[in-house]
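Take a look at the model below.

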Amino acid sequence: MEYRYIGKSGLRVSPICMGTMTFGTQCSSEKEAFAIMDKAYEAGVNFYDTAELYPVPPTADKAGITEEIVGRWLKTKPRESVILASKVAGAANGWFVPPIRHGMTAIDSFHIERAVEGSLKRLDTDYIDLYQMHWPDTVVPIEESLKAFDRLVQSGKVRYIGTSNDTAYGTTKALMTSEYKGYARFESIQNNFSLLNRRFLDELASVAEKEQISLLPYSPLAGGVLSGKYNLEKHAKGRFTDYLQSPNIRQRAMATRFLNEKTLASTEKYLQIAQEAGIDPVTLATAWSKQFSFVASTIIGATTTEQLDASLAAMELTLSDDVLKACDEVHDEILYPMG
């Protein structure tokens, strides 16, 4: 097993991370969630990612259920054999108001401390290996946020910190602030990155390489689109099928971004590449996302144990130069299909 370091930290993680955001909704059975995590663990996955806001879609009555499930599963394994990541919900002043703490969330001292105490209780552990900001706060100064995160590291409740859904400017500003103030720094950035969404390569890849901050790509299958299921069946079972019919404007907008004529046309070409290479499309997409020097671990998801096979097959797969070139040619032909 190849283990990779996250940023400049002492965290050595498997190239595949088990994401848990479906546990409690799409994967409604705790028994099945345990089976999924067990299967990943037995395959060598030592990295598990969750959040105080999970499961998705987030609702006030279900927020926190995922961490509780992960916490109960964690008791079945030696604690130090698992690298556990969680997140504090981002600020309510942006694109989404989290249905927790009465919709008043912020990345300030109060909310960071409340969030981590809640996560530690639900996870039933005394420390979190990687604690991440789920998305940035455009109002609270990053100095205050980092000071609060630093206190968690100094207290031993958190080993290392990371950011998520961040920009090149925001990430660089945070790293420079940590350097000048002597605070713990973000060792990772968890952003959307896939064959259908290469935006990270525009600017953030340079930041990640030069500053030694690791990308933890999420949604390597572009929400399941790259599996090809929507190409085979227009109304295939999946969250985007549901989101397109949702009264929630944000959910409809998200579904349209992931599921449109350009993403389906691109996916059709990637399916052909996978077929010619003799690789499952899911394996191809997952392997592509982890095959960059700035990537520490690619986050996968599942609602059944059967879904894991193709993703786990990417763990030790290195795509050939010919396959990578073919994938690049698709992107050159259909630029930025997700916008």
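Is tyrosine 243 buried or exposed? Tyrosine 243 counts as buried because its relative accessibility is 7%; buried means under 20% relative accessible area, exposed over 50%, and partly exposed in between, with a 1.4 Å probe and protein chains only. This is a predicted model, where local features need pLDDT of at least 70, side-chain atom pairs count only at pLDDT 80 or more, and totals for chains, interfaces and linings use all residues. Residues are numbered from 1 along each chain as its sequence is written, and side-chain values use heavy atoms, with hydrogens and water left out.

Tyrosine 243 sits in helix H8, residues 239-244. Helices (H or I, at least four residues) and strands (E, at least two) are DSSP runs, numbered from the N terminus. Setting aside neighbours within four places in sequence, tyrosine 243 contacts Pro57, Gln251, Arg252, Met254 and Ala255. Contact means heavy atoms within 4.5 Å.

Now step back. The protein has 13 helices and ten strands. Buried residues make up 57% of its 339 residues. Among contacts with a separation of 6 or more, 77% join residues 24 or more positions apart. The C-alpha trace spans about 55 × 45 × 40 Å along its principal axes.

Next comes lysine 87, in strand E5, residues 83-88. Its relative accessibility is 0%, so lysine 87 counts as buried. The side chain of lysine 87 reaches the backbone oxygen of threonine 50 at 2.9 Å. Leaving out residues up to four places away in sequence, lysine 87 touches several others, including Asp49, Tyr54, His134 and Gln190.

Tyr54 leads on to the backbone. The peptide bond from tyrosine 54 to proline 55 is cis, with omega near 10°. Another cis bond joins valine 56 and proline 57, with omega about -5°. Proline 55 lies in the loop between strand E4 (47-49) and helix H2 (65-74). Proline 57 lies in the loop between E4 and H2 too, and Pro57 is one of the contacts of tyrosine 243.

Why point these out? Most peptide bonds are trans, and most residues other than glycine have a negative phi. Aspartate 124 has a positive phi of about 55°. Aspartate 124 is in the loop between helix H3 (109-123) and strand E6 (128-133). At 44% relative accessibility, aspartate 124 counts as partly exposed. Tyrosine 336 also has a positive phi, near 40°. Tyrosine 336 lies in the segment after helix H13 (321-333).

Conventions: A polar contact is a pair of N or O atoms within 3.5 Å; within protein, one must be able to donate a hydrogen and the other to accept it, and residues adjacent in sequence count only if both atoms are side-chain atoms.
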